[in-house]
Amino acid sequence: MPKEKLGVLCSGRGSNLASIIEAIERGDVGAEIAVVIADKADAYALERARARGIPAAAVVRKEYADRETFERALLDVLHGRGVTLVVLAGFMRVLSPVFVHAYAGRILNIHPALLPSFPGAHAHRDALAYGVKVSGCTVHFVDEGTDSGPIILQAAVPVLEEDTEETLAARVLEQEHRIFPEAIRLYTERRLQTDGRTVRILPADEGGPS
Ligand code: GRF
């Protein structure tokens, strides 16, 4: 089975990127990272990639006239590197239907809440404001909506009365670093079968052909 070529999109520090790199290096995920792209030139994720010898590129939104030309530039880099699976690891932009169609069914995102609760950019703040007792994170396929695609894996953590956005985020992040590489592994093993909103996880010996 040919190795999946990942294009990892980030906006900031890239700790999820690091967890994916480590999982690949451990041999847990049979994929290679073909390129890391950040939408900010100073994103620490780019440094992390370069330090490991992974191609890294900044595609800066404000250097493009509109979202369409920005996304075309993203797609040019991804196609140029032969990317087969796009991984949104802390990428703080909503992708248009044009981009989503270009990689239909081949884009994964991590969101720091138990979707469908608290979509959007302020998940921890929203969870604390609502007073939930449990939060967590979700890996899902990306569709045309915001944080709305079929759910692959979720992990829950308790919300404590003394939590701040920072302490809750740190507890959730530990789980993100566990389930995101795991979801990528399941994808690369062809073990995710989507049926409407439901993603079935096939047993190890039933992964489909490449
Ligand atoms: C993560 O909590 C991710 O779920 C959210 O943004 C954060 C990115 O963190 N979308 P990092 O850049 O992977 O460290």
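Q: Which helix holds Thr188?
A: This is a predicted model. Helix α6 covers residues 165-188. Thr188 is found in helix α6.

Q: Is Thr188 buried or exposed?
A: The relative accessibility of Thr188 is 7%. The cut-off for burial is under 20%. Thr188 therefore counts as buried.

Q: How many Å lie between Thr188 and Met1, C-alpha to C-alpha?
A: Along the sequence, Thr188 and Met1 are 187 residues apart. In space, their C-alpha atoms are separated by 9.3 Å.

Q: Which residues surround the ligand?
A: The shell draws on several parts of the chain. Helices α1 (15-26) and α6 (165-188) each supply at least two of its residues. The ligand is surrounded by Arg13, Gly14, Ser15, Asn16, Gly90, Ile110, Pro112, Leu173 and Glu176.

Q: How many residues of the shell around the ligand are charged?
A: Sort the shell by class. Three residues are nonpolar and four are polar. Arg13 and Glu176 are among the residues around the ligand, and Arg and Glu count as charged. The number of charged residues in the shell is two.

Q: What is the distance from an oxygen atom of the ligand to a polar side-chain atom of Glu176?
A: Start with Arg13, where an N or O atom in the side chain is 2.5 Å from a ligand oxygen. Ser15 also places a polar side-chain atom 2.5 Å from an oxygen of the ligand. For Glu176, the distance is 2.7 Å.

Q: What share of the ligand's accessible area does the protein cover?
A: Taken on its own, the ligand has 370 Å² of accessible area.

Q: Which peptide bond ending at Pro116 is cis?
A: Most peptide bonds are trans. Pro116 has its place in the loop between β5 (107-111) and α5 (123-130). There, omega is near 10°. The cis bond runs from Leu115 to Pro116.

Q: What phi does Phe118 have?
A: Most residues other than glycine have a negative phi. Phe118 sits in the loop between β5 and α5, and it counts as buried at 14% relative accessibility. Phe118 is not a glycine, yet its phi is positive, at about 55°.

Q: Is Arg190 buried or partly exposed?
A: Arg190 lies in the loop between α6 and β8 (192-195). Its phi is near 60°, a positive value in a residue other than glycine. Burial means under 20% relative accessible area. At 21%, Arg190 therefore counts as partly exposed.

Q: Which side chain makes a polar contact of 3.0 Å with that of Ser11?
A: Ser11 is found in the loop between β1 (4-10) and α1. At 5% relative accessibility, Ser11 counts as buried. The polar contact joins the side chain of Ser11 to that of Asp39.

Q: How many Å separate the C-alpha atoms of Asn109 and Thr138?
A: Asn109 has its place in strand β5. Asn109 is buried, with a relative accessible area of 8%. Thr138 is 29 residues from Asn109 in sequence. Their C-alpha atoms are apart by 8.1 Å.

Q: What is the relative accessible area of Glu71?
A: Glu71 is found in helix α3, residues 67-80. Its C-alpha atom is 14 Å from that of Glu144, which is 73 residues away along the chain. Glu71 is buried because its relative accessible area is 3%.

Q: Where does Pro150 lie?
A: Pro150 is buried, with a relative accessible area of 15%. Pro150 and Tyr187 are 37 residues apart in sequence and 13 Å apart in space, C-alpha to C-alpha. The place of Pro150 is the loop between β6 (134-141) and β7 (151-158).

Conventions: Residues are numbered from 1 along each chain as its sequence is written. This is a predicted model: local features need pLDDT of at least 70, side-chain atom pairs count only at pLDDT 80 or more; totals for chains, interfaces and linings use all residues. Side-chain values use heavy atoms; hydrogens and water are left out. A residue is near a molecule or strand if one of its heavy atoms lies within 4 Å of it. A polar contact is a pair of N or O atoms within 3.5 Å; within protein, one must be able to donate a hydrogen and the other to accept it, and residues adjacent in sequence count only if both atoms are side-chain atoms. Accessible areas come from the Shrake-Rupley method with a 1.4 Å probe; for residues, only the protein chains shown count as cover. Helices (H or I, at least four residues) and strands (E, at least two) are DSSP runs, numbered from the N terminus. Buried means under 20% relative accessible area, exposed over 50%, partly exposed in between (1.4 Å probe, protein chains only).
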